[in-house]
Structures are given as C-alpha cells and as structure tokens.
Amino acid sequence: MNRMPLLIFGTFLTFASAWLGLVAYPYLTLGHLEPVVDENTGGVNPPPLSGLAVAGQKVYAANGCVYCHSQDIRPAYLTSDIAREPEADPQVRRTVARDYLRFQPAFVGSMRIGQDLANYGLEKRVASLNDIHRHLYDPRSVVSGSIMPSYRYLYKMQKISGEPSNAAVSGLTGPHAPAAGFEVVPTEDAKVLAAYLLSLKRNYPLPEAPVEVKE
Amino acid sequence: MNLTSPTPAADKVDASLRLPVMIFFGCAACWLVVGTFLAAIAAIKLVWPQFLDGPAFLTYGRIAPAAVNALVYGWASSAGLGVALWLLARLGRVPLTYAVLPVAAAIFWNFAVFLGICAIVGGYSRSIFLLEFPGFVSGMLFVAYLFIAVWGIVLFRNRTPGAVFVSSWYLVAALLWFPWLYFTANALLIWHPVSGSAQAPIGAWFSSGILSLWLAPVALAAAFYLIPQILGRRLVSYNLSLLGFWSFALFAAWTGTSRLIGGPIPAWMVSVGVVAAILLFIPVLVISINLLGTMKGSFEALNWSPSLLFTVTGAGAFLLVYVEGALLAFPSVAALFDFTDVLIGQGALFLLGFISMIFFGAIYYIVPRLIGRDWQCDGLIRWHFWLFVSALSVAYVCLTFGGMVQGFALGDPGVRFESSVGFATPFRLVSALCAIALVFASKCFAHLFFRTVLAVLEERKPSSQPVTV
C-alpha cells in the first residue's frame, strides 16, 4: 500500500460511512423531531420547560451533575430500570429521543454513581422545592451515607434582620445548619437548578412510548 | 546495538524536530502530573465526600472532567502529536521545514488546554463528555491541530521514495480523522447545538472516535515502529498489517453507539454499534498477533530496553481493553454493567494502560535521539514503570470487580440504590489509593524528563555518546 491516494481515499470512506450513519442520519431525523399533541389533555408532549428550568441546565452543566447522574430509563426487557419504580403512577416508561427535545444539552449520562434523575421530579421524597434545597445544601443530612458533594456554595448564609426571608431553606439539620439568628437562602443558581430538577418528569405519553395507567 | 541516528541525514531530521517535539513532550509530562493529581482528588472524593468540600471549583463534578480533559487533550494528545511528527519525519527521512509554525501551534495547543481546564474548574463546562471546553477554546484547539496536521501530511508527502511503513498509514489516517471528528462534534454540540434528541448518538460517536480514531492509531503507529526497530527485525506479516489497519478503521468508526444500549436512539443504531464493537475483536487480534508475534523469542530484550518494556505492556493493554469492549457490547452484559465503575476501569486501562504506556515507550526512545543524551537515571525509569503498572493494575481490577458488584446491585430491583454505593465503596477506596500512587509514578516520569533536559541545557553542548534505550 504505497500509494497516498488509496490511503487517503480509503480512510475517508471508512470514516464517512460512520459519519453518515451516526451523525448525519440522527441530525436529519432525530434532530427534527417535533412535540406531539396529547389528545387527552390538549397540551403538547413533551411539555415546554419553564424559563427557570431552562436556566437551570447551565448550573447542572457547570457543576458536572451528569458525571454521576444519568437521565436514561432503559426498557424493561433489558434492565430493571422500570422495575425499580414500582409505586410510580402512571408507570415509569423507557425514555426515547423525543424526551430530550426541550433540553439543551441532553444530559443522558453514562454513570450511576448517583441515582438516575430521568424522573426526579416525580419522586415521593421530592414534595417541594424546599426538599431539593435541603438535599443540595447538605446531602448527608437527608440521605445518610450519601457520597454526593454538598452544594453549599450555591447558598448564602445570612443573619436574620427583622423578618426571616421567605426564600430561606427550612428544616436544615446537620453540621452546616444555620445557627440561631441565621438563615440559609438559595442563590439564583440554586433556585434555577432546583426548578430544573423538579421539571424532570417523563411520565407523559408519546406515540413511540405509551404509558400504562394503573387501574 | 547502536540505535542512534545512523546517518547525517537522520541527524538533520532530528535537529529540525527538536524544539516542537520537545515542547509537546514537556507540556505532556506536566499535564500528566496535573491530570493524575486531579483524578486522585476526584477518586478520594468518591469515598470521602467531605474531602476538600466547600469551594465550588473543587466539587467532584468539576474536578473529574478537568482530570479527564487534562489527560486526553493535555497529556495524551500533546504526546501523540509529538510522536506523530517525529515518526513521520523519521520514517520519511525528511526534515521539518518552517519549524516555527509547529512550535507556535504546540504552544497554542497547550495554552488552549490550560484555558479549557480553567474554564471547567471555573464553572463554564458544557458537560458533554470530552467536549467540556467552551466553544472558543475548542476553536483554538482545532486551529492549532490543523497547523500540526498539515505539517504532518506535508512530511508524509515529501517523504523519501520507498516503501511506506505501516506506522505511516495509522498516522496519516489519525491526522485526517481528528479534525473531522472534532469539527463535526463541536459544530453540532457546542457551537451551534442541535436539538437535544439528536445529541446522544453524536456525543457517543465523538467520544468513542476521539479514543479509537485519534489516540489509538497514533499509539499503534508508535508500537508498529518501536517494536521492530528496537529488536532490529521485521513485522510478522505485511498482509496482516493491511488487514488489521483497514478492518480497524472500519469497525472502530462505528462502535460509538454500543454504549447506548437501551438508550434514547433508534434500535438499529445500537445494533450496528454492538456488531462493530464485537467485530472490532478481529482487527484487534490481528494487530496484537502482528505486534506481539514480532516479539516472539525476544522477550529477554524487555530487560535491557525500557522503551520496549513500556511499548509491549501498552500493546498488551490494547488487546485487553478491546476484548473487554467487545464483551461489554453484548446487550445482556451491557444491561448489567453500563453506568457502573466497570466503565471507569475500562477508561483508565485505555488511557493510562494502552495509550500512555506506548507513549511512555516512545518518549523514552525519542528524547535521547533528539537531545543527544541518554536518560539521567535508570532507577527512576524502573520506579516509573513498576509503580505505574502495579497501581494501574490494582485500580483496574478493583474498579472492574467493584463495578460488577455495583452492577448486580443496580440490576436487582429489590436492592436499594444506596446499597449499590455501599458495595462499591471498598473497591473505590483501594482505587483511590492507587490513583495517589499513579500521581507519584507520573512525577517520577516528569522529574526524569526535566532533569535530563536541564542537564543538556546546562551543558549547552550535546554529547556525541551513543545512547541505548
């Protein structure tokens, strides 16, 4: 193989084949998926994100949440991802390409050092934004033995002057809980991150991924 | 065996390459220490989350990608670019002209990596694997790369007529593939992001491509040069080389989506990735037979040539890591072990076992020829080898077994998620200790490198003694 054109052409061809299949094809098909109208509710699926949730993606990216948390529910015939959520109603379903339509970037992830977050907003223990803030501020005060980093740097500890702030995180315990006369207030970054996390609900039906409603 | 530059022409080739290649290797050595250091911090944080807890720039989600990027773009890519330039010039017996541009590109590349690492740590990461750098930094990297790739291709075009060595195929291919990979991925995911729905397959294509179509070919090129050259013999078979090269080029390009089994992409894309990753076993076997077969009957040479020792170890890791890749591509296996520490172990074996060991071998071989002086201290080379190999092996075994336990726990709906973390912790603890050992092994290498270079700079006059590495 002493001829340069053959080498260049051959390497071009092998590479181009995969480029067409794995880049150009998804760009042309998946890249142009549209939301679908839900006949039962009249809304569209996947539902639009709130402005706060859109901003929260930047904070999620900046702090590298995706290196521990996937957002990817694999089908039941292959894994136990769905069986892990027996109480969810409607039943959790596998995630499909259209589920990531509203997200930029799509944090599918490749690690489960922490829990999968595809349906974090549906979890029972996440009843309110305050629960999310408590978890982010001091994970080990909520889940003992958790190895999640503390995101205290997204919160401000301040002295209570006059009335306590409405935004203050309540119910904090553990070594970093505010002393008497102090309160912990989320920064803008923490607020948008919590809004993003709460928006993670993939329980709406799609034509390619219907949901089973329990009797 | 005298392996110094055999002719005045080769001396001229080496002289023309001295500055750019040494800049690449010097920066690479620094990035290796930085990268392993950051990786050690991240590894400790996984078992002891309170460690360095508090400031934003030290959080796991910033330190871990900073470590991976420092190792991939700082260490491995810098070293790879240096190795590629040197090999193309040496194989073509043609000196590098207008060396000032590659020198500038080398500095620019490493400056861009530095900016990128600062951006990740400072909270400007894009959090797409191996595309974390902000858009302007990846633009800088792309431009710097183009300059070096053009110089590499020019070296190949101007080669002295004669047979084209196997190494040159891999190098030319890698120099063409990287810009295409990097430009496409940045254009579609960073500069002008496509809809979120299409990002998973493109991201998987890119991250597997940068490892298998950029770093792996350069490392293989180095191995295909070093092993026969040090032993003074020919490769086992030319036809095997041909088969290995083309089948590797084809299958490696398609493997990316095998990491998205059950993921949000069309099923045929997963299938094709699975098939490619399993078929990749064929070229890997062919390449390994060719490389390790050349060693047959000469294993005692490993005692006197550290270069050969590192390279052959790297070739062994190459076989192991791709065999593991083929096994992990089976859907039933992937369903259990995707998302676990098994993948971290495989990544470490790829980057620090396969790629790094061969680049260490290449640097130990090339530097004495460039600066005309042998390595300062044999003891440090041995320390570097044994500490690096043993720490990496133990970490790999721990992460693999720990990851398997973690995978079984995650796969059993009756086991709470928190338990999967608890099961993995003892294994992660040992691999964190190994990560610390890897920092020291990397420091041995960097120390030796700079000590040798400084000794030459102090003398100001290159010695003419023959070198034997």
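Reader: What share of the 215 residues of chain A count as buried?

Author: 41% do. A residue is buried if 20 or more other C-beta atoms, placed from the backbone, lie within 10 Å of its own. This is a predicted model, where local features need pLDDT of at least 70, side-chain atom pairs count only at pLDDT 80 or more, and totals for chains, interfaces and linings use all residues. Residues are numbered from 1 along each chain as its sequence is written, and chains are lettered from A in the order in which they are written.

Reader: How does the radius of gyration of chain A compare with that of a compact globule?

Author: Chain A has 22 Å, while a compact globule of 215 residues would have a value near 17 Å. The radius is taken over C-alpha atoms, and the globule rule is 2.2 Å times the number of residues to the power 0.38. The C-alpha trace of chain A spans about 80 × 55 × 30 Å along its principal axes.

Reader: Why is α2(B) called roughly antiparallel to α3(B)?

Author: Helix α2 (residues 60-92) of chain B packs against helix α3 (residues 100-121) of chain B at an angle of about 170°. Angles over 145 degrees count as roughly antiparallel, so α2(B) and α3(B) get that name. Their axes are 9 Å apart.

Reader: How many residues of chain B are in contact with chain A?

Author: 71 residues of chain B, with 63 residues of chain A. Contact means C-beta atoms, placed from the backbone, within 7 Å. Helix α5 (residues 166-191) of chain B gives the most to that side of chain B, with nine residues.

Methods
Two residues are in contact if their C-beta atoms, placed from the backbone, lie within 7 Å. Helices (H or I, at least four residues) and strands (E, at least two) are DSSP runs, numbered from the N terminus. Axes are lines fitted to C-alpha atoms, for helices over the stretch in contact, and angles run from 0 to 180 degrees between N-to-C directions. Angles under 35 degrees count as roughly parallel, over 145 as roughly antiparallel, 65 to 115 as roughly perpendicular and the rest as oblique. A residue is buried if 20 or more other C-beta atoms lie within 10 Å of its own, exposed if 12 or fewer, and partly exposed in between; C-beta atoms are placed from the backbone.
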